[in-house]
Structure formats: C-alpha cells, structure tokens
Amino acid sequence: MHDDLQDRIRLPALRELVTSADNAAQWIKDGMTIGMSGFTRAGDAKVVPMALAERARSEKLKITLMTGASLGSDVDRTLTEAGVLARRIPFQADPVLRGAINRGEVMYVDQHLSETVELLRTQQIAPIDIAIIEAVAITATGAIIPTTSVGNSASFAILAKKVIVEINLTQSLELEGLHDIFIPKHRPRREPMPLMTPQDRIGTTAIEISPDKIVAIVITEKLDSASTILPADADTAAIAAHLVDFFKQEVAAGRLSNSLLPMQAGIGTIANAVMEGFINSPFEHLTQYSEVLQDSTFDLFDAGKLDFASGSSITLSSKKSAEVFGNIGKYKDRLVLRPQEVSNHPEIIRRLGIIAINTALEADIYGNVNSTHVLGTHMMNGIGGSGDFARNAYLSVFATKSIAKGGKISSIVPMVSHVDHTEHDVDIIVTEVGLADLRGLAPRERAEVIIEKCVAEPFRHMLHDYVARAQQRGGHTPHILEEALSWHSRYRDTGSMLMSPVTPDIGSYEKSVSLSI
C-alpha cells in the first residue's frame, strides 16, 4: 500500500476497492461496451487494458471500445493483437489497429469528436457497461479528478453502469483544479453553454458520480506516451510563414486585431510547426481554444505570446513533458482542460470566432479536403475534431505539404478520393508553395488560385492542363469524370502520380503521409 493513498483516495470506504489490474479486468465480460479515458495519448487507462488483453489470449473476449481519441502506451496495438476489439469508436492512430480496420477485422466507426457522447446520452448507440478512467485522485465525495485529459471521460463515468479507476501516482496532485467539467443537459430544454471566452470556467473541477458505481481501483505508475511530432523543417516553416503573412494582411485590412481570435490547431507535426511560427510573429496576447495542447502551446507561453489555452488534453514530447509537468504551477492559472463535447461544441466554436488550423491528407482543385482515407479506401486515423471546427470556424484553414513520397505524390489532386470537408467548409489551403484564400470565390476561380498558389511543379502544369480540358466540357464545377481519379489509379498501379515505373506500396504511402501530419 502506498504511503500517499490517503491523499489520492480521500473517501475512506473506497480504499477497500484497491486491487490488481488482473482482478479489476475480471469485471469486463465478452460483448461489453467499454469506455476508456484517453485523448491523443494523454490521460489514458494504461494497465487494466493490458490485463484484459492477457485474459483474451486464453478465453473468448470481444468488446466495443470507446475513447475520447487515440490511446498511447500501445493499448490499441495490444488489444488488437490479442483479438479483443470487435468495434472501435471514435478515433485511433495505431498502425496495427489501422491494419486490422483496413482488413475488415475491426469495425471502426469514425465520428466527429463532439458527437460520441451525444449519441450515448440519447441511447442511439449501445450504452457503456464499464468505464475505465485514469485519475489523479478521488475526492472525499467520490468524484474523480482526471489527469492530463478529459475527453469523453466525464460522460463515460456518468453514463456507465460501473466504473474502474486507475490512480496514476506519476501525475502530480497539482493537476487538481486544472479541469472544468461541464455536462450539457438533456434535450429538448437544454440551456446554452455559458462560455464566452476561452478563459471562462463553467463547470466543476472533478467528475461527480455516485461512489457506489466504483467497483475497483488500481494503482499505476506509468507515464503518458510522448507525442510523435517531428521537428519543424523547411517546408513546415514555409507553411507557418505563409500563414503569418496572411494574418498580417487580415490585421491591416481591419478584419482582425493584433491578438487575432482564439486559435485551434490539429494534432501533428504540421499543426505544431504552424503554431511555433507565431513565436516570431508580431502578434501578441494570443489565446487558444483547441483540443490537444502540444509543445507549441507551452513554447508560446514561454515566449510571452500566449495568454491562455483551453483544451481537452495535453500531449507533449518527452523533453517538453518533463519541463511542463515538473513545473505545472507555472502554467496552471493559464490552462483549462474540458470535455471534448465542450472543446469541440459547434455553437461555441462559432460564438468565439475560432481560427481553425487543421491538416489534410489531400485537397482537390475546388477545395474539398480528405483527412482520413489513403486512395479513398484505406483509413489512416480518423476525422477527429477537424469537422467540428472546419464547419463552424471564423476561418477554416487546411495545411499540407504539397508533395509526398519524394515527389511521387501530389497532395493537390483533380478530385479527392474521399471527402471529409467539402469546399463549403474550407476557407484557406496552404502548402509550403503558398496560400490560397478561397473566400468569395466560385469553383472555377478556386481552381486557378489553388493550382497557382499551392501546387509544386510538375503537378501544377498537369493540373492546369486538366482544368483547361475540363472547362471545355462545361459545368459549374468542371471535371473529366473518367480522369478525375486517374492520379490515384496511377499511383496504385505504378507507385507514382508521375507515371514513374515504381512498384506500388500503399503502406509506404500511409507512412509518408502520417509522418507529414
């Protein structure tokens, strides 16, 4: 028994529930729906899932797994390899699970991150049998204090029949007070969320549930998995520079102030690099209203550029994690972590006037964006929260490198092979080549701007040729249907959109794309 257990489990009756991960996993039965904490490698349940996987190696055990977003600590990989996952909702980012999804072995439901608990709350999908939630501590009333993410944890715990808590001793008790747990009421008489700025607190600092629902408590000492972002390179620096120049023009035109508007940035290398680009910009007193707070958030704090950041999780590199969580008091009064149905709430996004910056696998000449599917069929990760923000943002920006796989793939194509964000929800497309401002443009105009501003040669010449021939056929949005997806077919058959005689390798394409985002 750990010496600080009284500080971590403040309701004495609950201390009797402390048990091993193996014992806790016995509560989970074949066919159950399990809700686990975790949002982009942060605050995820870490040891009970592993015990569950071990059980599944010797007995039939299939579950539906719901989370906030992707998990760390190889949980998705281990559960997949053990054959535990029958269905996965709403986001993932693990290569092994991705392979099982694309083989049809795991049924994957790719959802907007704001929607999952709405579907649960209204009983449109199967209810949660057991929630497994990582916590800093349990209060004297039995409320759960989350760790480095909130995600869907609060609603999972509230809606589940039973709750297993993992108390993580590596997480500082100083995290208490960081969270803002607000749960919307049931329709049809739901009140508006009273959130007017990123700094507002509108809920409680812990997940309030009946302590009778808690059936097991497991003590863990496993750190969150570090983020996988790569260092900025010349291309990501160029993308950031194009956006900074664009925002300077918006300020000069009187459409934005020098503090801009609250910003959201998607996960990954490009989004993090773009935010880093604001460190050497003229903008000051910035705010974030986002999902994942990455290294760039704290670099902006340290540079004196960022005043406040609201998110649903904190996911950092190993080095940055040690700096931040080793001195969380330095940042605590400028941070808040919320449930993802609040961080991603469409009305709040529109109310606050969010500047949304997300990444694309590919975009087409009319501004449609594919965020999820390689060659239109193979799932990469999922739509995540990009749709919540893109549809409702003051400015919806999508960033991508113009080429991938050594120049064999163009990220700008005649027609995207899968549509996650229609042209109606995309204001800006930016690559290292340049920035296309699509506001107020008709499709034919959008095509010319995107090709000229965002596409690298020789693909630029190829797209100009495609558009010229397509326009001869007429139409509001001209296409040559028999050629519209020919670039993807050519890559599938030859390994290059440039018709290079290379052996095709979709797995290599997936890897090159995942590294770019």
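Let's start with a strand pair: β16 (residues 362–364) and β17 run antiparallel, joined by two bridges. Ala-363 has Val-369 of β17 as its bridge partner. Strands here are DSSP runs of E, at least two residues, and helices are runs of H or I, at least four, numbered from the N terminus. Two strands pair if DSSP finds at least two bridges between them.

A word on the source. This is a predicted model, where local features need pLDDT of at least 70, side-chain atom pairs count only at pLDDT 80 or more, and totals for chains, interfaces and linings use all residues. Residues are numbered from 1 along each chain as its sequence is written, and side-chain values use heavy atoms, without hydrogens and water.

Back to the sheet. It is open, with three strands in the order β17-β16-β23 and mixed pairing. β17 (369–370) and β23 (412–413) are the edge strands, each pairing on one side only.

Next, the second largest pocket. A pocket is an open set of points on a 1 Å grid where a 1.4 Å probe fits, with protein on both sides within 12 Å along at least five of seven lines; lining residues have an atom within 4 Å of a point. This one holds about 260 Å³, a volume being the space filled by probe spheres set on the points. Its lining has 17 residues, with Gln-171, Leu-223, Asp-224, Ser-321 and Phe-325 nearest the centre. Helix α11 (residues 318–325) gives the largest share, four residues.

Last, helix α3 (residues 48–56). Seven of its nine residues are buried, meaning under 20% relative accessible area with a 1.4 Å probe, protein chains only. Among them are Val-48, Pro-49, Leu-52 and Arg-55.

Conventions:
Buried < 20%, exposed > 50% of the residue type's maximum accessible area, 1.4 Å probe, protein only.
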